[in-house]
Amino acid sequence: MRPRFSDLAISPRSPLGVELTRRRFLQASLTAAAGLGTGLGLGCDLSIPEYPFTLGVASGDPLSDRVILWTRLAPDPLNGGGMPDTPVTVIWEIADDEAMSQGLRSGVAVAHPSLGHSVHVDVPGLLPERWYHYRFHVPGWTSPVGRTKTAAAVGSNNQRLRFATASCQSYTSGFYTAYHHMAQEDLDLVVHLGDYIYEGGVGSGVRPHNSGTVFTLPEYRNRYALYKTDPNLMEAHRIFPFVTTWDDHEVRNNYAGLVATEPPITQDFIDRRAAAYAAYYEHLPLRVLPPKGPDLEIFRRLDFGDLLSMFVLDTRQYRTNQDCNDNIGQLCAGFPNPDGTMLGDVQEAWLFDGLDAGGGLWNTLAQSVWFTPVLGPNFDQWDGYPLARDRILDFVESRGVENLVVLTGDIHASGAASIVRDFNAEKFFGAEFVAPGISSVNGSPDLINGAFGFFSYVEYVNGRSQGYVRHDVGRTEWRADLRRVLTVRTPGADIETEASFVADVGVPGIRPA
Ligand code: FE
Ligand code: CA
């Protein structure tokens with residue numbers, strides 16, 4: 001279908017009070033269409049009867065000259081989205097100011113039904129380390145104005161990066177009060193380390209899921225929509241760029257590669273992973289190619305000037321099955337699997353090449369599961385893949401990789417540790433900062449506190465915390481403040497800093513701040 005901009009029915013005032021004249025919409029769309037040329041498969045300019053930006057706006061994966069802008073058209077978000085089965089043209093705008101008047105640029109994107117009417121716009125030509133504002137239009141409707149920030153340029157000798165790490169936001173377990181407080185922080189970005197959704201049933205927590213356990217693409221979409229319509233999460237996405245990786249619950253609990261629980265691999269689970277990965281792609285501001293069947297490559301590197309190189313890791317898609325039937329603490333014959341891998345060969349080689357190439361003062365691994373050795377073992381964590389962990393530590397040691405910081409989620413506990421090879425703790429390799437759940441609650445906090453806190457190199461662990469970690473990264477030290485909301489069972493709780501730790505440049509490990 002050809003775009004017919006002259007036929008657009010445009011309301012002069014969006015539901016959010018943003019003025020948009022018909023003339024301006026036409027100018028923006030025509031300019032953008034002309035700039036992008038032909039053959040892009042532009043969508044229909046049909047009118048959408050209900051407000052379609054119910055899932056908000058988001059941005060992510062900032063580079064020094066570009067950033068991904070995201071939205072998904074979903075006038076009926078909890079029931080499949082409510083869009084007709086046809087591509088729709090979306091106009092994006094980016095500007096220097098919140099009023100969208102200075103330095104305004106625009107373009108068109110197409111929201112395809114095959115991607116749930118999501119759009120991922122990679123806006124080029126931006127200036128480094130700078131805030132921008134953006135929004136989207138479709139005929140008759142305008143999105144809220146989002147805010148985003150580009151990364152510093154490599155070689156710019158940038159001095160500071162502030163961000164939060166988040167993980168584990170079970171909707172049924174608690175309210176997203178942590179995001180309300182995060183939105184008050186002075187941050188450059190948010191890094192989400194997985195368990196963005198949970199796949200389980202209605203539950204018996206503080207607020208219900210919107211269905212039973214999810215398996216199909218429409219079911220996963222509706223589940224993401226439930227999470228993303230939470231106003232606190234939506235606001236965090238609106239005002240900060242996000243960098244995300246996944247853990248297990250974006251698909252199912254403790255899956256490994258194509259194995260749901262134990263072998264054999266089934267077609268049912270391959271199909272389920274494909275549905276889950278598709279929904280993940282559709283709902284997050286990722287700088288990656290769309291999924292191909294059950295595969296979605298999300299490991300990637302982001303550089304924040306020459307201060308910090310962030311290796312965003314995927315610890316789920318390529319890992320070998322957990323040893324010992326994944327029974328925590330039940331060591332079995334054959335452990336560890338000599339072929340055990342957490343990252344897979346390709347990602348591991350990519351990581352080593354990247355660490356070798358260097359770039360940032362700080363080398364950061366943004367990943368999901370607890371890294372430094374603790375009692376257990378919990379076969380789902382790096383303790384279940386000790387040979388794979390040794391390969392990383394061997395590489396760090398032999399190649400002189402400095403200022404290693406591992407960012408972790410998953411465990412529903414806050415924590416801070418120096419990274420060691422084994423319980424002898426003869427040497428520190430780096431720092432590990434562990435984000436508690438935004439809302440997920442730990443079922444065995446005393447067990448975690450005892451088994452993880454037993455070692456002196458684990459400076460802090462609290463299985464009763466929900467919140468996030470606030471990171472303030474400079475050129476001499478990296479400070480991590482563990483931020484804890486007082487309860488997630490009722491909305492509106494206060495937040496406190498429960499502990500603070502520092503990693504010093506050139507000194508592996510951490511110390512209390
Ligand atoms: Fe979790
Ligand atoms: Ca998990």
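Where is the place of Cys168? Cys168 sits in the loop between S9 and H2, and the legends below return to this residue. The model is predicted, with local features needing pLDDT of at least 70, side-chain atom pairs counting only at pLDDT 80 or more, and totals for chains, interfaces and linings using all residues. Residues are numbered from 1 along each chain as its sequence is written, chains are lettered from A and ligands numbered from 1 in the order in which they are written, and side-chain values use heavy atoms, with hydrogens and water left out.

View 1. Ten strands, in the order S5-S2-S1-S11-S10-S9-S19-S20-S21-S22, form an open sheet with mixed pairing; helices (H or I, at least four residues) and strands (E, at least two) are DSSP runs numbered from the N terminus, and two strands pair if DSSP finds at least two bridges between them. Because S5 (118–123) and S22 (507–512) stand at the edges with a single partner strand each, one side of each is left without a neighbour in the sheet. From one strand to the next the twist averages 30 degrees, where axes are lines fitted to C-alpha atoms, for helices over the stretch in contact, and angles run from 0 to 180 degrees between N-to-C directions.

**View 2. The largest nonpolar core.** A nonpolar core is a set of buried Ala, Val, Leu, Ile, Met, Phe, Trp, Tyr and Cys residues joined through side-chain atoms within 4.5 Å, and buried means under 20% relative accessible area, exposed over 50%, partly exposed in between (1.4 Å probe, protein chains only). The largest such core has 44 residues, of which Tyr179, Met182, Tyr220 and Leu296 touch the most other members. Helix H5 gives the most to this core, with seven residues.

View 3. Most residues other than glycine have a negative phi. Cys168, however, has a positive phi near 50 degrees, and Cys168 is buried, with a relative accessible area of 0%. Met100, in the loop between S3 (88–95) and S4 (105–111), likewise has a positive phi, of about 60 degrees, although it is not a glycine; Met100 is buried, with a relative accessible area of 2%.

**View 4. Two cis peptide bonds.** Pro263 and Pro264 are joined by a cis peptide bond with omega of about 10 degrees, and Pro264 lies in the loop between S11 and H5. The peptide bond from Phe335 to Pro336 is also cis, with omega near -5 degrees.
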